[in-house]
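Subject: Structure handover

Hello,

Here is the structure I promised to pass on. Please open it next to this email and follow along.

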Amino acid sequence: MINPLLFTDGYKVDHRRQYPDKTTLVYSNWTPRKSRIEGINEVVLFGLQYFIKKYIIEDFEKNFFNQPKENICQKYSRRINNYLGENSVGIKHIEDLHDLGYLPMVIKALPEGEAVPIRVPMVTMYNTKPQFFWLTNYFETLLSTTLWMPCNSATIAKEYRKLLDNYANKTSSIPEFVDWQGHDFSMRGMAGLEAALLSASGHLLSFTGTDTIPSVDFLESYYNANSDKELIGGSVAATEHSVMCMGTDKGEEETFKRLITEVYPNGIVSIVSDTWDLWKVLTIYLPNLKNEVLAREGKVVIRPDSGNPVDIICGNTNGKSDAERKGVVELLWDIFGGTINSKGYKELDSHIGAIYGDSITLERAQQICERLKEKGFASTNVVLGIGSFTYQYNTRDTFGFAMKATYGEVNNEGREIFKDPITDDGTKKSAKGLIKIVKENNKYQLIDQVSWEEEQKGELREVYRDGKLLIDDSLKEIRKRIK
């Protein structure tokens, strides 16, 4: 058990004494200040409801308020004294908070799933009792470490969705297949289980394909989803290289046959196909197994996993063999055929498909869709596995997230505060005073330096006040917003 008041940066613990005497209120906001991904100028808010339920309510109730005050204070003192050495941080403010029995805070936010322009605050926080002014920015660290990743991943997933929707609308007869076309394979590469859950749940706002099983439980636990009544996330039976290797390279065709006729005589099965020679699979084994594939009630999905995914899927004009020059989709068409849809693009027979599950990026996804289109194939002939390179290879700085105070009260008198470092390029310039968010032409806009009366209006909704969650959104509602 860790006291959640210790979930903060070390320099925060004594800021209480550093504020001016008689400080009674600190008002701060959480804002994406800069985009480091070209073409993305709006960021999706996601993860705040989890933050409030898990940390602000559950953890504080279980590991702070419901623990004996003496134990809490003794352990807090021990930690701070061991950590800082001789200090005057004190313990009375911790005792007072424990006596109060809840966190005296207001958290306001835009609706989760909404795309928020860069430099427009998503969340505001302030204290409701004067003596606990120190709490507002004390929570900056915990809020930041919890929120930036799900916001990043939900935003990037939305970009994949927009790209794949665009090509499906141009080339495919089944644009609804895009729900499954972006598949989350990131879990093993994420920075711990919580990061994997937050990121995978952000992915599931835009898609239904995921191999991160616990993200389904996460969304049921914190976002009112119900897998008995709605499709939260799913996947299909699939092999890995160890399975294929155990069948030996000489027995690979037999392994394919056993999988599609005995182990999975119906339904969808994805078979990793580049354990040794992908081109042999596509030019020898699959032609030999054509009748077995077409006789199944379901789809066999061929999964290459190495090399340049654009060239592997679409063909490499500089390839050494005819197979390399054609690529996976065209080779599958040569074997199994399919139909030409009303838009004039080829769609593979429903018994066969392809997925590429490694090294996909937004740029490569665009190249794959464009080159398939140029060759006359619908974009939905291939599923793209989106992994940790996409979702983990980002930081808080990807969208410049920060929580900054813009207003305070000292001796009950308001002070509009701001930062604007002369050495900065403008990224760190903050809003000033109390803020209000309005929506014009379907875009959120910031108005700062407003009165308390104006602050109460606008698009920011109170989601938490004084120990109570006030808005409890569902996955279904958030998916509607993001789409």
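Below is what was found in it, going from the whole chain to single residues.

**Overall**

Please keep in mind that this is a predicted model. The protein has 19 helices and 20 strands. Its C-alpha atoms fill a box of roughly 85 × 50 × 45 Å, taken along the principal axes. The chain has 483 residues, and 52% of them are buried.

**Helix 4**

Go to residues 92-100, which form helix 4. Four of its residues are buried: His 93, Ile 94, Leu 97 and His 98. Why do they sit on the same side of helix 4? Because they cover an arc of only 140° around the axis. An α-helix has 3.6 residues a turn, so residues three or four places apart point the same way.

What do the buried residues of helix 4 pack against? Their partners are helix 1 (15-18), helix 2 (48-65), helix 3 (69-84) and helix 5 (135-138). Gly 101 follows helix 4, and its phi is positive, near 90°.

**Helix 15**

Next, find helix 15, residues 322-336. This helix has 15 residues, yet its end C-alpha atoms are only 17 Å apart. A straight helix would reach 21 Å at 1.5 Å a residue. Where does helix 15 bend? The bend is at Val 328, and it is about 95°. Val 328 is also one of the buried residues of helix 15. Others among them are Gly 327, Val 329, Leu 331, Leu 332 and Trp 333. Just after the helix comes Gly 337, with a positive phi of about 65°.

**The largest pocket**

The largest pocket has a volume of about 1100 Å³. Its lining is made of 45 residues. Which of them lie nearest its centre? They are His 183, Phe 185, Ser 270, Arg 303 and Ile 355. Several elements give two or more residues to the lining: strand 10 (300-303), strand 12 (346-348), strand 13 (352-356), strand 14 (382-386) and helix 17 (388-391). Strand 13 gives the largest share, four residues.

**The cavities**

A search of the whole structure finds two cavities of 30 Å³ or more. About 80 Å³ of space lies in the largest cavity. The residues that line it include Leu 48, Gln 49, Ile 52, Arg 461 and Val 463. Helix 2 and strand 19 (461-465) each supply at least two lining residues. Helix 2 has the largest share, with three.

**Two asparagines**

Last, check two loops. Asn 411 lies between strand 15 (401-410) and strand 16 (413-416). Its phi is near 55°, a positive value in a residue other than glycine. Asn 442 is in the loop between strand 17 (434-440) and strand 18 (443-450). Asn 442 has a positive phi too, of about 65°, and is not a glycine.

Asn 442 is exposed, with a relative accessible area of 64%. The cut-off for exposed is over 50%.

Best wishes

Definitions and conventions:
Residues numbered from 1 in each chain as written. Predicted model: local features only at pLDDT ≥ 70, side-chain atom pairs only at ≥ 80, totals over all residues. Heavy atoms only, no water. Buried < 20%, exposed > 50% of the residue type's maximum accessible area, 1.4 Å probe, protein only. Arc of directions from axis to C-beta. Contact = heavy atoms within 4.5 Å. Expected span 1.5 Å × (residues − 1). Bend = angle between axes of the 7 residues up to and from the residue. 1 Å grid on protein atoms, 1.4 Å probe; cavity = no way out; pocket = protein on both sides within 12 Å on 5 of 7 lines; lining within 4 Å. Points joined across faces, edges and corners; volume = space filled by probe spheres on them.
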